Each structure stands twice: as structure tokens, then as C-alpha cells.
Amino acid sequence: MRESILRAARQGVGALAFGFVEASQAKVWRDDYYQIIKSDECVPIGHSVNANIAVLNGMMVNENAEEAMRRGLDGFKFFGYSIAHYAVYGEHRPGRTNLWRHFQMIKDEMKQKPGSGSIGQPRSVRKHLMRYADVGIDQMIFIQQCGMNKHEHICEALELFAK
């Protein structure tokens with residue numbers, strides 16, 4: 001992960017920290033990235049430098065914290081599971097492997113991962129996101145559409161988040 005972020009900085013392009021990290025770890029990656037961007041080590045592959053670092057976070061907001069977790073945590077865990085499926089969880093048979101069924105069998109064994117801090121009540125989600133803003137993360141990309149998350153729950157969460 002870190003090496004791809006540093007490679008992006010050397011080439012003058014934005015970086016997506018495609019891993020779930022807490023703000024303190026994101027700060028380390030961000031600091032290393034911007035140190036290179038501002039140095040002679042950065043040789044843009046395009047016409048200009050696109051200095052930007054983004055991280056991923058699962059997101060589901062509800063006034064009730066337990067309801068937010070009920071609505072959003074499985075989808076977020078499934079996203080992580082589906083990414084790791086090929087390397088960690090076993091053999092894949094296209095057209096035959098049912099990722100959701102396999103996920104259901106192991107989801108309770110999965111540890112709570114960093115990146116689920118945007119699942120909760122508005123105040124706790126805001127506090128969580130402010131930690132990333134405070135360390136200089138440029139963008140937060142929310143994951144809401146994985147697993148069996150309902151469209152109306154996603155819309156409700158976005159509306160509440162916007163308020």
C-alpha cells in the first residue's frame with residue numbers, strides 16, 4: 001500500500017489509500033506523499049501535478065447508533081471480504097462461487113476493521129471524519145453500496161449526513 005502511494009507521488013498523480021486505516025496511519029502516508037510531491041523526486045507523468053490523497057471509509061448514518069451498525073456494517077465488511085476473497089478466503093470459480101454465501105459463513109469471525117468509524121450517529125461520524133481532515137487528508141470516499149444495503153437506507157444516510 002505505502003509503496004503505491006509513494007509511486008503516485010513520484011509521478012505527480014493523486015493517490016487512493018485503498019486500505020482501511022485510522023487517521024493516525026493516514027497522516028503518515030499523507031506526510032510521506034506530500035514530502036515527495038514537493039520535492040525534485042516528483043516528476044509528473046502529465047502536464048501538471050495532481051496532488052491529492054484519498055482514503056476509503058464505510059458509511060451509514062442514523063440517529064440510532066445500533067441501527068446504523070445494523071444497516072451498514074455487514075455491507076462494509078462484505079466490501080473488505082470481496083476484495084480479499086481471491087488472496088485470503090479461498091478458491092474462486094467464476095459463475096459458481098457465491099461470495100455472499102461464503103461471506104455469511106465467516107462474517108462474525110471478521111475483526112472490526114479501521115474504516116468503519118463513519119458508521120454511526122451524525123455526531124460520532126463527524127468527529128471521526130474531522131480526525132482525517134485535521135491530518136490533511138484531501139478526500140474521503142464512502143462505501144455504502146456493498147452487500148445487501150438498501151437503497152432507501154443509503155439515501156436516508158446521505159440526507160442525514162448532509163444536514
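In which strand is Ser118 found?

Reply: Ser118 is found in strand β3, which covers residues 118-120. The model is a predicted one, and every value below is computed from it.

Start with the residue itself. Ser118 has a relative accessibility of 0%, so it counts as buried, the cut-off for buried being under 20% relative accessible area. The side chain of Ser118 makes a polar contact with the side chain of Asn57, at 2.6 Å. Asn57 is also among the residues that Ser118 touches once those up to four places away in sequence are left out.

Met60 and Cys155 lie 95 residues apart in sequence, while their C-alpha atoms are 9.6 Å apart in space. Cys155 belongs to helix α6, residues 151-162. With a relative accessible area of 27%, Cys155 is partly exposed, whereas Ser118 is buried.

A pair with a wider spacing can be set beside this one. Lys27 and Glu152 are separated by 125 residues in sequence and by 34 Å in space, again from C-alpha to C-alpha. Lys27 sits in helix α2, residues 23-37. The relative accessibility of Lys27 is 35%, and it therefore counts as partly exposed.

Now go back along the sequence from β3. The loop between α4 and β3 holds Lys107. Lys107 has a relative accessible area of 14% and is therefore buried. The side chains of Lys107 and Gln104 are joined by a polar contact of 3.5 Å. Leaving out residues up to four places away in sequence, Lys107 touches Asp74 and Lys77.

Helix α4 spans residues 99-106, and its buried residues are Leu99, Phe103 and Ile106. These three lie on the same side of α4, because they cover an arc of only 70° around the axis. The partner of the buried residues of α4 is α3, residues 65-89, against which they pack. At the start of α4, the backbone nitrogen of Trp100 has a side-chain oxygen of Asn98 within 3.1 Å.

The chain as a whole gives these parts their setting. There are six helices and four strands, and along the sequence they follow the pattern α-β-α-β-α-α-β-α-β-α. Among contacts in the chain with a separation of 6 or more, 72% are between residues 24 or more positions apart. Of the 163 residues, 41% count as buried, and Ser118 and Lys107 are both buried. The C-alpha atoms fill a box of roughly 50 × 45 × 25 Å along the principal axes.

The chain carries 21 positive and 18 negative charges, whose mean positions are 2 Å apart.

Note on methods
Residues are numbered from 1 along each chain as its sequence is written. This is a predicted model: local features need pLDDT of at least 70, side-chain atom pairs count only at pLDDT 80 or more; totals for chains, interfaces and linings use all residues. Side-chain values use heavy atoms; hydrogens and water are left out. Buried means under 20% relative accessible area, exposed over 50%, partly exposed in between (1.4 Å probe, protein chains only). Helices (H or I, at least four residues) and strands (E, at least two) are DSSP runs, numbered from the N terminus. The arc is that of the directions from the helix axis to the C-beta atoms. Contact means heavy atoms within 4.5 Å. A polar contact is a pair of N or O atoms within 3.5 Å; within protein, one must be able to donate a hydrogen and the other to accept it, and residues adjacent in sequence count only if both atoms are side-chain atoms. Lys and Arg count as positive and Asp and Glu as negative; His and the chain ends are not counted. The place of a charge is taken as NZ of Lys, CZ of Arg, CG of Asp or CD of Glu.
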